[in-house]
Amino acid sequence: MDTGTKGETGEPGWVGLPGGLLTLRRTLLVGWTCLLAVATGLLLGLLVGPAWAAVGAFWLAVGAWGWVLIGRNWRSWRYAERADDLLISRGVLWREQTVVPYGRMQLVEVTSGPLERRFGLASLQLHTAAAATDARIPGLVPAEAERLRDRLAALGEARSAGL
């Protein structure tokens, strides 16, 4: 995998998230919006009248809008390893870029919940001394998350300012 910078003065080599996170989030969106559409349609159809059952289609419109927003959000997540720090960028309307110096990291952990494991994903959580600078990279392939964990822990120990 191509990560990091191409020299001290070059731009960082940004790496996007794998498609599994997009699939997971869109699957959850479809599941919940269909469930809400059916529940709303049935309840209104039985309690108020059959014409009101069409209000359940509101959730399908919300799902279509969410489909687009989830795709845009997924594309906005990226990270780059540089010589002295890790950059994490995210956000569509409000761009957020977090810079985590290797020497300030106190703990690097890889987590994977039941749904993440089902889709073959893991999240990397970086803890620093300042709670505001804690950073997370969701939806990584487990091998990449473990590689990053090991590399970041080794670089943090080498810089040893925060460990």
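**Ground rules.** I'm working with a predicted model, where local features need pLDDT of at least 70, side-chain atom pairs count only at pLDDT 80 or more, and totals for chains, interfaces and linings use all residues. Residues are numbered from 1 along each chain as its sequence is written, and side-chain values use heavy atoms, with hydrogens and water left out.

**Entry 1, salt bridges.** I looked up the charge pairs to begin with. Side chains of opposite charge can pair when their charged atoms come close. My criterion is a side-chain nitrogen of Lys or Arg within 4 Å of a carboxyl oxygen of Asp or Glu. The structure has six salt bridges by that count.

Asp85 pairs with Arg82, with 2.7 Å between the closest N and O atoms. I then checked accessibility (buried is under 20% relative accessible area, exposed is over 50%, partly exposed is in between; 1.4 Å probe, protein chains only). Asp85 is buried at 11%, while Arg82 is partly exposed at 30%.

Arg90 bridges to Glu96, and the closest N and O atoms are again 2.7 Å apart.

Arg149 and Asp150 make another bridge, at 3.2 Å between the closest N and O atoms. Arg149 is partly exposed at 28%, and so is Asp150, at 46%. Shared partners also link Glu81, Glu144, Arg147 and Arg151 into one salt-bridge network.

Next I went over the surface. Patch members need over 30% relative accessible area and no salt bridge; nonpolar side chains (Val, Leu, Ile, Met, Phe, Trp, Tyr) are joined within 5 Å, like charges within 9 Å. Areas are Shrake-Rupley with a 1.4 Å probe, and for residues only the protein chains shown count as cover.

I found a nonpolar patch of about 990 Å², whose members include Val38, Leu42, Trp52 and Phe58. Helix α1 (residues 19-47) gives the largest share, five residues. Helices are DSSP runs of H or I, at least four residues, and strands are runs of E, at least two, numbered from the N terminus. Val55, also in the patch, lies in the loop between α1 and α2 (57-76) and is partly exposed at 36%.

Which residues touch the most other members of the largest nonpolar core? Leu126 and Leu152 do, out of 27 residues. Contributors of at least two residues each include α1, α2, β8 (122-128) and α4 (142-159). A core here is a set of buried Ala, Val, Leu, Ile, Met, Phe, Trp, Tyr and Cys joined through side-chain atoms within 4.5 Å.
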